[in-house]
Amino acid sequence: MERIRNAQVLDRVREEAKEAIKNSRCRILICAGTGCLAGGSGEIYQRMCELVKDNPDVEVEFAPEVAHGPVEVKKSGCHGFCEMGPLMRIEPQGILYTKVQPEDCEAIFQRTIVKGDIIRHLLYKQDGLEYQKQDEIPFYKKQTRLVLKNCGHIDAEHINEYISTGGYSALEKVLFTMKPEEVVQEIMDSNLRGRGGGGFTTGYKWSQVARQKETARYVVCNGDEGDPGAFMDRSIMEGDPHKMIEGMMIAAYAVGAQEGYIYVRAEYPLAISRLRTAIAQAEECGLLGDNIMDSGFSFRLHINRGAGAFVCGEGSALTASIEGNRGMPRVKPPRTVEQGLFGKPTVLNNVETFANVPMIITEGAQWYKSIGPEKSPGTKAFALTGSVKNTGLIEVPMGTTLREVIYDIGGGIKDDGEFKAVQIGGPSGGCLVTPHLDISLDFDSLKKMGAMIGSGGLVVMDTNTCMVEVARFFMNFTQNESCGKCVPCREGTKRMLEILERIVAGNGTLEDLDILDELAQTITETALCGLGKSAALPVMSTLKLFRDEYVEHVVDKKCVSHTCTAFRKFIISPERCKGCSKCARNCPVGAISGKIKEPFTIDTEKCIKCGACESACAFGAIHIEG
Amino acid sequence: MLEQSYYDKTDEIIGSHGTEQAALIPIIQDIQSEYRYLPPELLSYVAGKLGISEAKAYSVATFYENFSFEPKGKYIIKVCDGTACHVRKSIPILERLYSELGLSKAKVTTDDMLFTLETVSCLGACGLAPVLTVNDKVYPAMTPDAAAELIRELRGA
């Protein structure tokens, strides 16, 4: 790898990398994100590589305007359309093949690569239409991909690919044409707000670190994306690691830091390995280390692996963990910007925030502010999951409505079910329901609704979901992850969980609902850190929006969605039952009896409510009550 | 008493991370990935080498969920019970695996040391929910039956 000694070399390397991509007649990008790898994209990559190698002199007939060159096979990062994986993108046409299997490779090579024909069964189809090009698919067409622009389009394991897209030009710009205070000002002017959940103004944070007396400072990237149902940071780290690294370097230059740490959760082994590769390559070509591009600026970057503690996503707990301590939050002030990592002033932002920085520097604060609401500008990546047709990772301008996200991009509710609620912001967030579908998704609007963007997890729920169970699920999560330092969180979440467990087991009382309310308020007001303060939000939000459902559980002893097993009662309808005995043979506890050719019955005392009989019955004679 | 080779390996790991206190977590992570658990003797040994009290090292190791003082099985199965997997029915998968393997919340490793069954809050593969991993390999869109089949395959392997 060539050493990038100065800005001129960087410019030349960029031009060469661009030229190389332009010269290739065809690029085959196979998604190697966590999702597609799980679907077998590694084998598809191998197979395509072999096919290209075995046919070195293949004639490619499409796109005569593209100059001659080799066929390239690349592993890309996550495209975000995980539901349809494994995905394969073919350039220059921009074809997207979905659900590709290793046995399709031969046909793809012979027909599409060699002849330029489209293989129709691999195309994405929706509402009777077939989509040849990736950009035309509604899922992508309605998005504005800025932070995720390169994810899926470049090979994340080669620094030159990032450089070819204009990568590290923002770093070049700040090092050679801007003073550190100008960089801080630019970020301040852009109104960029932290994407980790709180929505704190990034530029203000940087300016506070920059004005500390202490000269040893740190830049820390929070890659401990612990919210269940959120994976945008994982996709950035896996699919475009250099963008985030460049953002961190710009932050370091702006605040005068020479050392940085990336804290990544242990559950993301692929992200850790891609980051390691990225750092090693940046060091090898001189974009990380001492005196970068002869500018006098030096920066070293370390990776810390998390060890399975959700609370480490909280700033002071994260720095404690890097220092080798128990990851417990501390009382603030002093804030992280004053005394953060190793007691020094520290810029702590999350992955997506840092990934926003290079484009703000390149395109300018004014341009950035023109996207979305002025007070909450830019785009936001959301992980769209749950009962929605197109699950995956999406990016839209702030201010987009929930309806556009769920129906236009997500394609609506799975199996044509009915929308019930969307849970936003994970265990620290709340629910939004039908009347909220048209509110604007941005920091301030959501806060008013008693929800928050959080890190951007959107879990869509249909009418088969029990909201009390959902509240119990989140409380169980938070209780497990409570570090135990402060009493309100340690004891309060435990008591709330006990009550919720009692309710879903059919033993709740109306009084329990009032105690839940009271506990929720106390914990929110008195807990030490963000985890505790927001722990009760899912309960408060569901209690407010779905109080009827709680009341049904405690008074009528009913769960309308049939989720809570305690309320389930399996009944055999005598009119439909043919007396075949299949249910009795499948029952694991011998609760079903009867005479052949006569209706069978279930002994509800013995029944463990497993549902084996219901799935075994060929006549649909068994149904659930309660 | 552990064999000498364990201490030699630990010295090698300490060598690659240094003896600052901040190196404690990376060191015990490496020990754990080497032996699939954290032998308590080695934790004490590391504390001595880093010049911190055993109590301190123990407090750190017990805080984080990833560390285990109990040996784990050859195949570590993690069933994701994040929100997306939960609403797409991950619990029936977990229950089926418990019954297939004769395990429970209290007993997570089979006697033959072949399987350890754990849950995890989110693996970030929500688009493919419900998922589980076996030694970090992700298995997408699982069902109770597919999970049981996977166990049979792994037993045969």
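1. In what order do the elements of chain B run from the N terminus on? In this predicted model, the elements of chain B follow the pattern α-α-α-α-β-α-α-β-β-β-α when read from the N terminus, and the count for chain B comes to seven helices and four strands.

2. As for the dimensions of chain B, its C-alpha atoms fill a box of roughly 50 × 30 × 25 Å, where the box is taken along the principal axes. Chain B has 157 residues, and buried residues make up 38% of them. If one takes the contacts in chain B between residues at least 6 apart in sequence, 60% of these contacts join residues at least 24 apart.

3. Turning to chain A, the assignment divides this chain into domain 1 (9-137), domain 2 (159-369), domain 3 (379-462), domain 4 (467-556) and domain 5 (568-625). The centres of domain 1 of chain A and domain 5 of chain A, taken over C-alpha atoms, are separated by 52 Å.

4. Where the two chains meet, chain A contributes 42 residues to the contact and chain B contributes 32 residues. On the side of chain A that touches chain B, the elements giving two or more residues are helix 2 (34-38), helix 13 (315-322), strand 11 (379-386), strand 15 (457-462) and helix 18 (467-481) of chain A. The residues on that side of chain A comprise 16 nonpolar, 19 polar and seven charged ones.

How values were computed
Residues numbered from 1 in each chain as written. Chains lettered and ligands numbered in written order. Predicted model: local features only at pLDDT ≥ 70, side-chain atom pairs only at ≥ 80, totals over all residues. Contact = placed C-beta atoms within 7 Å. Nonpolar A, V, L, I, M, F, W, Y, C, P; charged D, E, K, R; others polar. Domains from an automatic or database assignment. Buried ≥ 20, exposed ≤ 12 C-beta atoms within 10 Å, placed from the backbone.
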